[in-house]
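Let's take a walk through this structure, beginning with the ligand and then looking at the space around it.

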Amino acid sequence: MYQFIAGLPKVELHLHIEGSLEPELMFALALHNNIAIPFTNPDEVRAAYDFSNLQSFLDIYYQGAQVLVKQSDFYDLTWAYMLRCKADNVLHTELFFDPQTHTDRGISFDTVMKGITQALAQAEVELGISSQLILCFLRHLDEASAFETLQQATPWKESIVAVGLDSSEVGHPPEKFARVFAAAREQGYLTVAHAGEEGPSSNIIDALDVLKVSRIDHGVRCVDDPQLVARLIEQKVHLTICPLSNTKLKVFESMKRHTIVDLLRQGVSVGINADDPAYFGGYMNDNFNAVASAHQLSFEEIAKFTHNAIDASFCSIERKLELRQHLQVYVDSQ
Ligand code: ADE
Ligand code: ZN
């Protein structure tokens with residue numbers, strides 16, 4: 001099974017680039033940029049990653065991101081992630097970035113974008129990995145700040161496929177960003193949103209109806225509303241599920257209790273993703289392996305996660321055909 005997973009072509013649709021900052025790189029950048037961090041070595045950093053809920057993680061995650069200052073830091077961060085994609089046979093990835101985490105510290109939007117896009121372009125040429133970039137608004141900040149961020153993105157519009165919504169879900173429902181998302185859609189961006197991670201299933205409905213999202217990030221709380229599950233199946237709404245994230249943040253008490261396999265078997269389009277791999281203990285293969293060790297799955301069911309992700313991705317029709325072909329060749333060879 002693990003061998004099948006290792007060789008399986010994969011598509012990742014839920015990855016925060018700031019969440020791929022490994023403690024070793026965090027230390028190197030802190031030293032280089034003269035940023036104080038409250039740890040003496042990378043092992044100490046890892047030991048601090050013991051979360052009780054989403055907010056306890058976000059506090060540490062935003063602190064970690066402060067070591068990212070220069071264009072080359074964003075390049076190094078992104079390149080390291082793309083090498084992990086190569087190792088895990090991820091052929092296409094759609095990455096989130098949180099501009100406000102950086103612009104609020106005086107780092108320019110251009111600095112962030114130049115570093116990230118340089119690494120993505122290099123990965124396409126040297127590693128054969130295609131990618132798309134999704135700008136996420138931080139939902140704990142206000143609407144005005146989100147509008148300002150949307151404005152800053154204008155010169156980079158060709159490099160950003162969609163806008164998304166992340167950070168603290170409880171207390172910051174989708175409606176708070178209805179007008180920003182409407183403006184983004186008018187400018188031609190696709191939309192996605194974190195919903196039903198810690199917040200109620202009604203946030204999933206509002207993300208669909210108010211923000212008009214193409215897919216839902218997490219969405220695992222949909223199981224509280226059978227009518228909503230029926231709607232997700234009927235309308236083929238994809239959920240970008242992040243198994244290790246969900247257990248690390250206590251959304252589920254164990255991987256055995258995770259509902260991803262139930263949802264798959266009911267016919268919901270679900271995929272497996274890493275979310276913030278440096279913080280949650282694993283990249284794509286680790287997430288697939290964690291699900292496969294806790295649940296009895298056939299090869300066909302495991303391959304279905306990739307199949308669903310290809311269908312839900314924002315890449316071109318031509319690229320989707322190529323990805324489907326890679327998957328088919330692999331499954332047929334088993
Ligand atoms: N930002 C990074 N990871 C996140 C998550 N799992 N939920 C909400 N915001 C995030
Ligand atoms: Zn996320």
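A residue counts as near a molecule when one of its heavy atoms lies within 4 Å of it. By that rule, the residues around ligand 1 are His16, Leu54, Phe57, Leu58, Tyr61, Asp166, Ser167, His194, Glu197, His218, Asp275 and Asp276. Keep in mind that this is a predicted model, in which local features need pLDDT of at least 70, side-chain atom pairs count only at pLDDT 80 or more, and totals for chains, interfaces and linings use all residues. Residues are numbered from 1 along each chain as its sequence is written, chains are lettered from A and ligands numbered from 1 in the order in which they are written, and side-chain values use heavy atoms, with hydrogens and water left out.

Now look at the nitrogen atoms of ligand 1. One is 2.7 Å from a polar side-chain atom of Glu197, and a side-chain N or O atom of Asp275 is also 2.7 Å from a nitrogen atom of the ligand. For His16, the distance from a side-chain N or O atom to a ligand nitrogen is 3.3 Å.

Which helix gives the most to the shell around ligand 1? That is H4 (residues 54-64), with 4 residues; helices here are DSSP runs of H or I with at least four residues, numbered from the N terminus.

Methods: Polar contact = N/O pair within 3.5 Å; in protein donor to acceptor, adjacent residues only side chain to side chain. Helix = DSSP H or I, 4+ residues; strand = E, 2+ residues; numbered from the N terminus.
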